[in-house]
Amino acid sequence: ALMTTDYDTIAAISTPPGVGGISIVRLSGSEALNIARRIYRGKDLARVATDTINYGHIIDPQADHREIDEVMVSVMRAPKTYTCEDVIEINCHGGLQVTNQILQLVLRNGARLAEPGEFTKRAFLNGRIDLSQSEAVMDLIEAKTDAARKAALNQLDGNLSVVIKKLRQEIVDVLANVEVNIDYPEYDGAEEVTTQLMLERATAIKEKIANLLKTAQQGKVLRDGLNTAIVGRPNVGKSSLLNRLLHEEKAIVTDVPGTTRDTLDEYVNVAGVPLHLIDTAGIHTTTDKVEQIGVDRSRAAIQQADLVLLVLNASEPLTDSDQELLDATAETNRIILLNKTDLPQQLTAADLPQDEKTAIIKTSAVTTDGTQALENVIAKMFFTDGITRNQTDVMVTNARHISLLQQALDSLTTVIDGLQAGLPVDIAQIDLQNAWEQLGEITGDNYDEELMDQLFEQFCIGK
Ligand code: GDP
Ligand code: ZN
């Protein structure tokens, strides 16, 4: 059952700033209904059923009941609401003046301005969702790709939480078993049995955590995109390639205003892999008289890249600049695109380095040859197991979770190493307990106020 603490009533504009068809002022808390009643003329909101939307007017009780706006008011009663508290949503006309006046009015009549993420924080504090699910709400809002949206929704459903809770339970079971054996030291061989059992269980748990961490690389890419640089000297066909990727996929996603990050990034979805394109402005340096500037700029992009698409003009022999770029990308995962293969060829794969980190593809912007091959190579590079993951598979995408899983893994390694070196069980016990706590921080079963505040501050206001 949910135990709702009586926090003060908060309010915020939950729709993005600016002018729109409608805006929503949201309230949550035990006074939400009373505050709404004070400033609303229409049916008595105390008597309407929960989960109803009600037509009426917002009036200013302190200024002769003058009308502010014509509205629809949603009434959602605790506990089955987003926050587990009484929630009121005032759908008003979406002008800046109207929306702000209604917000001011609810604040004057007993509500407090919500902090960023505070509605979601309430859902956490009231026990409806755990910490990893709260973080999923933010990831869902910020998802830039369909894959990231799916991963966030999966986490919001609590699939990661279930896995973490199971692991913690397994640790508790081991600890309980150890306790029992320690309590009966007269039993012959208790110490050995305990050590053996602890070693076996700790190894099994460690392996599960390691498997979870294996999903992190993919998870991080799904969430943030694979940092990709398209480089090559002027006129080799970089823009043409970019246009093909962007237009054929029709999947550019730019950041939505109102979310916490406000950089304008370009994403393109290639075979299910979100590529985060680095410095697309730098691609258009074709008119630069000094070719070196383009090469220097490329170098900077290569530094940040997880993947480089190096474009070469196959209708010309390799130049010094080409060679410089080949050298600069030698350590990076790269796909070399031998472009303009519709023209007589002066450069072939045989002239290029062959190694594990390099794939070579012949392309042509004229015939569009090679696009499919490029997609296949990117998919193969990314989905190393060759299959797209199941929607219900748990994937770790969040840097905080990854770090905590790593810590728990390290604690288990210490347990295992210690036992194998003959350390007493009660020392190993401490590290096992650490692992239990570290896992608990993921779901927020163990949390501290400061961490919580930091987490929720990253949300936008009104969520
Ligand atoms: P960038 O400077 O590397 O961005 O090169 P662009 O994409 O702007 O292309 C430079 C010129 O080469 C343009 O006139 C393109 O139409 C042409 N071009 C690009 N790719 C190909 C190709 O595969 N075949 C041929 N024949 N021309 C191409
Ligand atoms: Zn260009």
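**Close-up 1. Lys-463 is a buried residue of this predicted model.** Lys-463 has 21 C-beta neighbours inside 10 Å, so Lys-463 counts as buried. Lys-463 lies in the segment after α14 (449-457). Leaving out residues up to four places away in sequence, Lys-463 touches Ser-14, Gly-117, Phe-119, Thr-120, Val-137 and Ile-141.

**Close-up 2. Four residues carry a "binding site" annotation in UniProt.** The annotation comes from an unreviewed UniProt entry.

**Close-up 3. Arg-26 sits in strand β2.** This strand spans residues 22-28. Arg-26 counts as buried because 24 C-beta neighbours lie inside 10 Å. Its contacts, leaving aside neighbours within four places in sequence, are Ala-11, Ala-12, Ser-14, Val-87, Glu-89, Phe-119 and Gly-462.

**Close-up 4. Six strands form an open sheet.** The order is β9-β10-β8-β11-β12-β13, with mixed pairing. The edge strands are β9 (266-270) and β13 (358-362), and each pairs on one side only. On average, neighbouring strands of this sheet are turned by 30° against each other, direction ignored.

**Close-up 5. Strands β8 and β11 run parallel.** Strand β8 covers residues 226-231, and strand β11 covers residues 307-313. Four bridges join the two. Ala-229 stands opposite Val-308 in β11.

**Close-up 6. Helix α11 packs on the sheet.** The helix spans residues 371-382. Helix α11 touches β8, β9, β10 (273-278), β12 (333-339) and β13. The direction of α11 makes about 165° with that of β13.

Methods: Residues numbered from 1 in each chain as written. Chains lettered and ligands numbered in written order. Predicted model: local features only at pLDDT ≥ 70, side-chain atom pairs only at ≥ 80, totals over all residues. UniProt positions renumbered as here; feature names shortened; annotations may be inferred. Buried ≥ 20, exposed ≤ 12 C-beta atoms within 10 Å, placed from the backbone. Contact = placed C-beta atoms within 7 Å. Pairing = 2+ DSSP bridges. Axes fitted to C-alpha atoms, helices over the stretch in contact; angles between N-to-C directions.
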